[in-house]
Amino acid sequence: AYERRFPTCPLIPMFVASDTVNEYKSEDEAIHVIERRCKLDIDAPRLLKKIAGVDYVYFVQKNSLNRRERTLHIEAYNETFSNRVIINEHCSYTVHPDNEDWTCFEQSASLDIKSFFGFESTVEKIAMKQYTSNIKKGKEIIEYYLKQLEEEGITFVPRWTPPVVCKSESSTSHTRRPVSPAINIPESATKEGLNNKEILNTSSSPSEPTAGTPDDKLDADYIKRYLGDLTPMQESCLIRLRQWLQETHKGKIPKDEHILRFLRARDFNIDKAREILCQSLTWRKQHQVDYILDTWNPPQVLQDYYAGGWHHHDKDGRPLYVLRLGQMDTKGLVRALGEEALLRYVLSINEEGLRRCEENTKVFGRPISSWTCLVDLEGLNMRHLWRPGVKALLRIIEVVEANYPETLGRLLILRAPRVFPVLWTLVSPFIDDNTRKKFLIYAGNDYQGPGGLLDYIDKEIIPDFLGGECMCEVPEGGLVPKSLYRTAEELENEDIKLWTETIYQSASVFKGAPHEVLIQIVDASSVITWDFDVCKGDIVFNIFHSKRAPQPPKKDSLGAHSITSPGGNNVQLIDKVWQLGRDYSMVESPLICKEGESVQGSHVTRWPGFYILQWKFHSMPACATTNLPRVDDVLASLQVSSHKCKVMYYTEVIGSEDFRGSMTSLESSHSGFSQLSAATTSSSQSHSSSMISR
């Protein structure tokens with residue numbers, strides 16, 4: 001019955017397929033071992049799959065049937081991300097020792113997440129959710145196939161009997177294989193990191209300090225003054241982890257407060273805390289984070305346009321950081337600085353936060369290990385939902401969650417506008433549950449009422465822009481001038497990268513040689529999104545649909561205009577013999593885009609097939625009465641050398657279920673910047689929205 005679930009099982013939707021990679025049968029047919037590679041479609045957030053770079057996860061499952069001993073042992077482990085996550089599962093079907101008509105089933109599993117792009121807790125939740133649902137359906141599935149066998153008239157399988165050959169007992173002893181017992185994971189061990197037996201064994205170990213020595217027990221006054229309330233078990237974990245670092249780690253040993261943050265982040269599971277702490281220490285050393293406040297000076301554009309800064313402290317003595325996100329040009333900062341400089345600036349903010357926590361601990365005479373962040377969303381609009389900017393934000397969250405755990409004491413989100421739920425939907429799956437519990441969100445002026453800002457911040461230090469009397473020296477932000485934007489080549493040629501991924505692609509557009517991008521759509525009602533900047537010249541942006549795929553892309557053969565820099569290319573997909581209306585159709589009205597414009601938009605597809613995004617050279621029309629070019633046209637054409645334009649673009653396809661809920665919010669939100677203008681285009685076949693900023 002168990003074997004019938006292969007190669008795939010309709011009762012397990014996530015189990016997509018399986019292939020046999022190894023099979024063994026003993027001569028006497030008592031032992032049958034089969035190893036399969038299983039393909040699983042894990043129910044995980046789409047953005048997590050995208051960042052991880054996988055659509056499916058592969059496991060290797062080994063089933064060992066021993067007819068002689070009447071046992072079936074099943075072992076499984078993950079092949080995908082095996083260097084980051086270790087999953088082991090053991091199942092066994094055996095005959096009950098007291099009643100051989102009964103079948104016993106045992107199952108155990110272990111999950112060890114070494115690292116996963118900073119989303120360890122998210123992956124742990126996804127894994128536990130999938131595993132729990134599979135356990136609940138396990139009995140249902142086996143009974144389904146048992147019933148299927150009964151309907152086919154199979155109600156009895158004869159027992160295996162040894163073949164009558166000489167020295168059968170001897171041969172049997174050689175074919176028998178030891179089977180590893182199932183590993184049970186005590187519930188207390190997963191919740192607290194170690195059980196009582198472990199504590200007893202540890203205390204008696206010769207490598208650990210004996211009872212009564214100064215290192216075995218922290219001074220009570222020291223705990224109260226610098227660490228806060230600790231149970232004996234938590235204190236023991238801190239001492240053991242600190243001693244292990246002293247014995248094995250080469251370099252600067254973090255302070256007890258910092259070690260404690262990693263222990264708290266992993267619920268005092270000492271093995272997990274040690275793993276992420278070691279990774280963080282290696283990361284800090286590799287990128288010289290310990291010296292970032294002394295050696296790195298933020299670029300002037302950050303000092304002028306990053307609308308954030310430290311502002312006194314909250315009622316609990318935590319340092320208070322104010323971020324006016326709604327007034328900040330996130331797209332402009334990314335385009336002017338690149339993600340590297342933004343990340344370094346955020347790291348410097350976190351390092352300054354650690355320093356301020358130490359200072360406030362001394363000032364207030366009690367342990368302060370985290371800070372409060374106040375985020376003002378007044379002015380948040382579609383520009384902030386620029387998807388490359390959101391991706392940059394997710395990467396920053398990834399690094400901060402991995403290396404600064406338990407540093408956020410409270411997050412106050414004020415004046416959340418209508419568009420905020422869209423941003424929250426994108427970001428929230430990647431924020432740890434413990435961190436999410438510290439979020440307080442206020443819409444409109446709700447922060448001024450009961451349970452609002454005054455519950456957490458003294459009236460005397462409420463910033464003036466929130467109706468308070470305290471002058472706040474946080475920069476006001478505003479649009480970053482396009483003259484400060486860096487080119488794609490400059491952004492790609494960073495000397496040191498804390499992450500490696502290019503958001504934009506650069507393309508050249510020539511007169512008679514447009515640049516085209518092919519997007520294949522399988523499911524109708526998917527959403528194609530785009531964001532591009534016209535860096536040079538004027539272009540016409542088109543979207544076409546074809547039922548058949550175009551020929552493989554051809555590089556532009558204009559030798560004089562060839563671009564060899566990374567990403568700067570010209571690809572043409574529409575064959576010259578294709579006819580508009582016969583071989584392909586236009587699904588949106590052409591959009592003329594001038595030099596210096598930024599265009600963001602989306603198109604809800606009506607049909608599956610092949611969609612082509614096209615950037616085409618825009619020719620200046622001649623004067624209607626004289627057929628002679630106008631003076632303005634001549635001057636404009638002189639500025640476009642060799643009839644060449646340049647665009648930087650980013651495209652993405654979103655499933656309709658992930659996008660439909662945000663459409664209304666996006667369309668109804670108005671820009672908070674006076675320089676921005678919104679344009680919406682639509683057709684009878686589909687819906688498209690675009691936003692142009694000049």
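This briefing describes salt bridges in the structure shown above. The model is predicted.

- A salt bridge joins the side chains of E152 and R4, with an N to O distance of 2.7 Å.
- This pair links distant parts of the chain, 148 residues apart: R4 belongs to the segment before strand 1 (15-25), while E152 sits in the loop between helix 2 (120-151) and helix 3 (168-175).
- E152 has a relative accessibility of 45% and counts as partly exposed.
- R4 is likewise partly exposed, at 28% relative accessible area.

**The pair E406 and K438**
- In the salt bridge between E406 and K438, the closest N and O atoms are 3.6 Å apart.
- E406 is found in the loop between helix 13 (387-403) and strand 10 (408-416), and K438 in the loop between helix 15 (433-436) and strand 11 (439-443), so the bridge ties together parts 32 residues apart in sequence.
- E406 counts as partly exposed, with 25% relative accessibility.

**The pair R548 and D583**
- R548 and D583 form a salt bridge whose closest N and O atoms lie 2.8 Å apart.
- The two residues are 35 residues apart and link distant parts of the chain: R548 is in the loop between strand 15 (539-546) and strand 16 (554-555), and D583 is in the loop between strand 17 (571-572) and strand 18 (585-586).
- R548 is partly exposed at 42% relative accessible area, whereas D583 counts as buried because its relative accessibility is 11%, under the 20% cut-off.

Notes. Residues are numbered from 1 along each chain as its sequence is written. This is a predicted model: local features need pLDDT of at least 70, side-chain atom pairs count only at pLDDT 80 or more; totals for chains, interfaces and linings use all residues. Side-chain values use heavy atoms; hydrogens and water are left out. A salt bridge is a side-chain nitrogen of Lys or Arg within 4 Å of a carboxyl oxygen of Asp or Glu. Helices (H or I, at least four residues) and strands (E, at least two) are DSSP runs, numbered from the N terminus. Buried means under 20% relative accessible area, exposed over 50%, partly exposed in between (1.4 Å probe, protein chains only).
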